[in-house]
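Hi,

Here is the structure I said I would pass on. Have a look at it first, and my notes follow below.

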Amino acid sequence: MVGSITLLCAVLSLQSSAVPASQGLAASTSHEPRGHLSWVDATFLAARIRAERGIEAEPVLGMARERPEPLAVVPIGAHVRAEVRTALAFWRMADAARRDGIELQVTSGFRSQPEQAALFDLYRRGRGPLASRPGRSNHQSGHALDLETRSPRVRKWLKRHAEDYGFYRTVPSERWHFEYWGRGG
Ligand SMILES: [Zn+2]
């Protein structure tokens, strides 16, 4: 725990040095993205995941509306990481789906700035699917998960139940793209 707190502090100081003074915390508090998670809450959720699942969270530098934002992420699938609050909500939803005989899988979760830049570059050259400009994707703010939705059964289940778990389809042309904004979001 001490080790991860040290890391979290490192990310926080990295964030403050990366943000111009005029865009510091005082200036941004009135424009917090909806669903913003405080760092204390993120650390608490990380500890809960560690206790309940034995999975270690890792501090990363996300981006929310083109500003650096420290996030805690956990592995949620093969080569896929998700922000801790989004991960907990996904696991709740996946447990419910499993009880209905549906296996939910995440194909893309948190993306770093270089990862998003690489996807955007492919998109711009016509060699990859639609991708947001680096800094603007909710895959970087920790809210977005792409789910494996090729199966009609999975799509039907998500259509009926995803919002009960706080997940919303936000890109009409991407039936796999869901964002966690909490219930009633
Ligand atoms: Zn997506």
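Which residue in the turn of the S1 and S2 hairpin has a positive phi? That one is Arg 65, at about 50°, and 2 residues lie between the two strands.

Numbering starts from 1 along each chain, following the sequence as written. The model is a predicted one, so local features need pLDDT of at least 70 and side-chain atom pairs count only at pLDDT 80 or more, while totals for chains, interfaces and linings use all residues.

How confident is the predictor? pLDDT is its confidence in each residue, from 0 to 100. The chain has a mean pLDDT of 85, with 80% of its residues at 70 or more. Residues 12-33 are below 50, and beyond near neighbours in sequence that stretch has 17 contacts in the model (a contact means C-beta atoms, placed from the backbone, within 7 Å).

Some detail on the pairs:
- S1 (residues 58-64) and S2 share 7 bridges; Pro 59 has Ala 72 as its bridge partner, and Val 60 is opposite Leu 71.
- S2 and S3 (residues 80-83) are joined by 4 bridges, with Val 73 opposite Glu 83.
- The S2 and S3 hairpin also has 2 residues between its strands, and His 79 takes a positive phi near 60° there.

H4 itself covers residues 84-99, 16 residues in total. From first C-alpha to last it reaches 23 Å, close to the 22 Å expected at 1.5 Å a residue (that is, 1.5 Å times one less than the number of residues). Its buried residues include Val 84, Phe 90 and Met 93; buried means 20 or more other C-beta atoms within 10 Å of a residue's own, exposed means 12 or fewer, and partly exposed is in between, with C-beta atoms placed from the backbone. Just after the helix, Gly 101 has a positive phi of about 80°.

Which residues have the most contacts inside the largest nonpolar core? They are Val 73, Ala 82, Val 84 and Phe 90, in a core of 27 residues. (Such a core is a set of buried Ala, Val, Leu, Ile, Met, Phe, Trp, Tyr and Cys residues joined through C-beta atoms within 7 Å.) Among the elements giving two or more residues to it are S2 and H4. Val 73 also touches Ala 57, Val 60 and Phe 110, among others.

Finally, there is an open antiparallel sheet of 4 strands, ordered S4-S5-S7-S6. S4 (106-108) and S6 (167-169) each have a single partner strand, so one side of each is left without a neighbour in the sheet. Between S6 and S7 there are 3 bridges.

Cheers

Conventions:
pLDDT is the predictor's confidence in each residue, from 0 to 100. Two residues are in contact if their C-beta atoms, placed from the backbone, lie within 7 Å. Two strands pair if DSSP finds at least two bridges between them. Lists of a residue's contacts leave out its neighbours within four places in sequence.
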